[in-house]
Amino acid sequence: MISMLGRGLVLGSLFFATTGFFGGAVAAMRKDRRAWLVTRNAAYAFSASMISANLLMIYALLVKDFSVEYVTEVGSLATPWWIAIPSLWSSLNGSILFWGGILGGYVALTVWTLGEKHKEYAPWALHVLMGISIFFALLVGGIANPFAPVAMVPPDGPGPNPLLQNHWLMIVHPPTLYLGYVGMSVPFSLVCAALLAGRLDAGWMVPVRRLMLVPWTFLTFGIMLGGWWSYEVLGWGGAWAWDPVENASFHPWLTGTAFLHSAMVLQRRGRMRDWTLVLGMTTFLLTLLGTFMTRSGVFNSVHSFTQSAIGPVFLVFIGISLVYSVVLLAMRSHLLDETARSVDGELGGRSDRTGGGLLTREFSILVQNLLFAVFTFTVLLGTLYPLITEAMQERKVSVGGPYFDKWALPLGLGIVFMMGVGPALPWGRTEPGAFSRRIAPAAVVGALFAGWSYALGFDKPYTVLTLFTIGFALWCNLYEFIEPVMQRVGARKESPVSAALKVFERSRRRIGGQVAHYGVLFAVFSLALSKGYRLERDYTLNIGQSVEDFAGFTVTYAGSELVTEPMRQSVVANFDVTKGGKAVGRFGPKMRYYPTQREPIVTPEVYSTPTYDLYFSLIEVSKEANATVVVRLIHEPYQMWLWWSAPIIALGSALALWPQRSRQKQGGAQAQVPAGVQPGGAK
Amino acid sequence: MTRRGAVNVRYLLAGLVVVLPLLYFLATGFGNDPHAVPDVRTGTPAPRFDLVDLDGKHWSMEELKGKPVVLNFWSTWCGPCKYEHPLLLQAAKAYPDVVFLGVIYSDEPEAVRRYLAQKGQAYPHLVDPTGAIAIDFGVTGVPESFFIDKQGTIVHKEAQALYPQTLQPLLARIRQ
């Protein structure tokens with residue numbers, strides 16, 4: 001019954017997507033309102049049927065209906081409800097269904113956001129979005145059908161992958177990452193819509209920027225949660241290993257971040273138009289590549305699925321999308337020449353497609369964009385290199401962490417440096433002297449950070465340089481907020497608090513960007529210190545035996561116990577930790593045994609503080625009580641700051657997304673700013 | 001550089017120079033599954049054995065030639081073996097033309113008898129007291145199942161629990 005109903009819903013979504021695809025094209029070409037209404041309703045119906053199919057599969061997993069193929073793969077009688085629900089995305093076919101469900105959500109969000117305001121673009125955007133939806137509905141209804149009925153109905157199932165049951169982060173990490181991946185189809189559809197309509201103006205910039213910022217924020221959060229999960233679950237005490245599937249999520253993040261910045265140049269100065277369009281398209285295409293990397297079985301990764309029939313079909317779709325994007329750009333980009341000049345309507349016609357120079361914000365964003373592009377290419381090359389060598393020389397070559405670290409460090413530092421230079425420069429020209437006066441205090445703050453780092457013993461040259469760059473960028477971003485506040489206090493005699501609130505109120509989008517930058521600085525700070533000054537040792541301990549000095553701590557093995565739960569057994573080894581004679585606490589890393597798994601799963605225990613993490617991971621322990629253990633102890637400074645960076649970036653995005661009061665309502669605040677001062681305080 | 005309706009050849013060429021090699025390299029990845037751990041026994045004749053089942057009956061590879069065989073190494077202390085047991089019972093009943101044989105791996109025959117009395121038995125279980133047959137087949141742990149065709153050739157080794165989705169296609173291959 002569930003099989004039939006599920007298949008029906010998926011086929012229904014295929015029908016609605018096809019209707020929307022053709023309806024959108026007709027509505028756009030003939031300016032036909034009736035066709036537009038059909039398209040809009042078809043899009044909503046697609047969303048409803050795809051989301052319903054997902055809910056139905058969740059129901060099947062909850063009631064353990066083993067007549068449904070996907071439930072026999074990941075369901076189990078012993079699985080509690082809070083693991084049964086995330087099982088939806090724990091295996092290949094379910095994850096594709098989940099992709100479709102999220103796409104359904106984004107389709108509805110797009111229709112709602114575009115409303116009746118963007119008639120030139122909306123039909124084309126839905127046409128493209130429905131084209132993508134057709135592919136996923138075909139996939140879910142065909143070779144990746146999770147609703148297929150089972151001939152030999154088993155009495156029980158194996159349950160989801162034990163690694164996915166081991167930590168609550170696995171409940172939130174995949175959906176967040178999917179929200180990032182799938183959402184990139186919306187800005188892609190809007191980029192295609194501009195090209196198909198042959199029109200790009202200020203009305204296009206507003207939704208495209210917002211609809212890029214939403215999935216970008218989810219992608220940022222998803223990547224960070226994935227790193228946190230890896231840290232908390234896998235037992236090696238690290239968040240990022242440059243694994244192909246990890247890299248797959250990083251590629252679109254890099255290009256998406258570049259897009260968010262180049263879109264500002266397009267909006268303010270009317271420049272970098274084609275580059276911005278390319279970035280918008282590339283970001284989506286890289287999410288497809290990422291999905292392919294995880295699901296084709298072609299890449300060797302701990303996160304990827306084994307080879308299946310989905311891979312070749314997905315590759316055909318990537319091929320069509322790539323060729324479509326290139327041809328569309330080649331055939332239609334010149335049509336935008338006329339309308340692109342009015343993109344900067346938001347600033348009242350400040351378009352300046354000539355002039356500029358090196359000391360301008362737009363040039364700094366260009367440099368930063370180039371760094372992002374080189375970074376993307378470098379990571380992509382390292383990820384694809386094993387495939388390239390195998391195709392050309394028939395030998396297997398793997399590219400490891402050292403290659404990526406070697407490139408990521410200078411490129412990342414360059415980007416952080418430009419994150420400071422950009423806000424220190426105004427849109428348009430500035431004098432070298434004014435720029436020097438502006439960055440001199442930032443250099444002093446950078447030097448203070450570098451000195452602090454050196455004084456605390458974090459004295460490797462790259463660490464000191466990183467801390468300098470962080471201090472420099474931090475001050476530049478802070479000063480971009482402080483300067484207009486000081487100007488208001490000086491010119492209008494407002495109190496600092498009142499001036500700060502007013503600046504915040506009328507520059508929320510810009511401040512959102514600054515807050516996101518602070519989040520990035522948190523992450524860089526943590527990475528520089530936790531990776532560079534990590535202490536790791538393995539110890540074999542009998543009951544009562546101690547490690548006397550591990551990073552200043554005394555660690556005593558207090559014995560082990562066997563804990564039995566419905567879906568697993570766990571051996572918990574307890575360690576008492578003291579520092580300078582004072583008790584820090586008792587920590588119990590585990591070795592977990594799942595009934596369907598040949599090997600046990602390591603479950604570390606982490607003691608996190610703002611300045612350091614103490615990490616316990618069992619390497620060997622038997623089920624016998626109080627047996628000898630082999631434990632890995634890791635001490636990492638400032639690791640927690642990495643996890644804090646994600647909510648800070650998300651807060652910045654939320655501020656940037658929050659609707660701003662129109663300029664009229666603000667009482668012409670623009671006109672009241674002292675002459676010669678641009679928004680942001682840049683002269 | 002371009003007229004209305006014209007194609008920007010530079011964009012087209014630049015795009016295709018990136019796109020086409022990328023697609024080529026991704027396509028060549030198929031058929032080289034990096035997850036697949038090759039098993040040296042696959043494609044070779046199944047090692048000979050002569051073992052006794054729990055009821056004392058002799059079974060040898062020689063006598064099984066001409067019949068498709070599923071040889072399942074298992075034990076009562078192994079969790080995944082317990083999961084796949086009902087599925088193997090079902091399959092043995094559904095495919096009477098296939099010979100299903102369990103091989104007891106590092107376990108006591110008495111413990112196996114008790115387990116089978118409780119959970120059901122549909123095919124013989126062979127006693128391999130010294131583990132010699134497990135060594136001949138290259139067994140590294142349990143469960144491991146060998147799918148042997150009518151010519152006595154190992155077609156596939158499954159080094160994990162069997163699922164309905166994996167079992168049925170493998171049975172189809174050895175029944176051909």
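Two residues are in contact if their C-beta atoms, placed from the backbone, lie within 7 Å. This is a predicted model, in which local features need pLDDT of at least 70 and side-chain atom pairs count only at pLDDT 80 or more, while totals for chains, interfaces and linings use all residues. Residues are numbered from 1 along each chain as its sequence is written, and chains are lettered from A and ligands numbered from 1 in the order in which they are written. Under the contact rule, and leaving aside neighbours within four places in sequence, Ala125(A) is in contact with Thr110(A), Leu114(A), Ser189(A), Leu190(A) and Ala193(A).

**Overall form of chain A**

- Chain A has 22 helices and 10 strands; these are DSSP runs numbered from the N terminus, with helices (H or I) of at least four residues and strands (E) of at least two.
- The C-alpha trace of chain A spans about 80 × 65 × 55 Å along its principal axes.
- Of the 683 residues of chain A, 52% count as buried; a residue is buried if 20 or more other C-beta atoms lie within 10 Å of its own, exposed if 12 or fewer, and partly exposed in between.
- Among contacts in chain A between residues at least 6 apart in sequence, 72% link residues at least 24 apart.

**Domains of chain A**

- The domain assignment of chain A gives domain 1 (1-159) and domain 2 (161-356), with bounds that come from an automatic or database assignment.
- The centres of these two domains, taken over C-alpha atoms, are separated by 21 Å.
- In chain A, 26 residues of domain 1 are in contact with 32 residues of domain 2.
- On the domain 1 side of that contact, helix H5 (92-114) and helix H6 (122-141) of chain A each supply at least two residues, and H5(A) gives the largest share, nine residues.
- That side of domain 1 divides into 21 nonpolar, four polar and one charged residue; Ala, Val, Leu, Ile, Met, Phe, Trp, Tyr, Cys and Pro count as nonpolar, Asp, Glu, Lys and Arg as charged, and the others, Gly among them, as polar.
- In H6(A), 18 of the 20 residues are buried.
- The end C-alpha atoms of H6(A) are 27 Å apart, which agrees with the 28 Å that its 20 residues should span at 1.5 Å a residue; the expected span is 1.5 Å times one less than the number of residues.

**Nonpolar cores**

- A nonpolar core is a set of buried Ala, Val, Leu, Ile, Met, Phe, Trp, Tyr and Cys residues joined through C-beta atoms within 7 Å.
- In the largest nonpolar core, of 202 residues, Ala125(A), Leu190(A), Ala193(A) and Ala194(A) touch the most other members.
- Helix H10 (residues 202-233) of chain A provides the largest share of this core, 16 residues.
- Domain 1 and domain 2 of chain A each contribute at least three residues to this core.
- Apart from this core lies another, of 32 residues, among them Val70(B), Leu126(B), Val142(B) and Ile154(B).

**Contact between chains A and B**

- The contact takes 39 residues from chain A and 35 residues from chain B.
- On the side of chain A that touches chain B, H13(A) gives the most, with 11 residues.
- By class, this side of chain A has 23 nonpolar, 11 polar and five charged residues.
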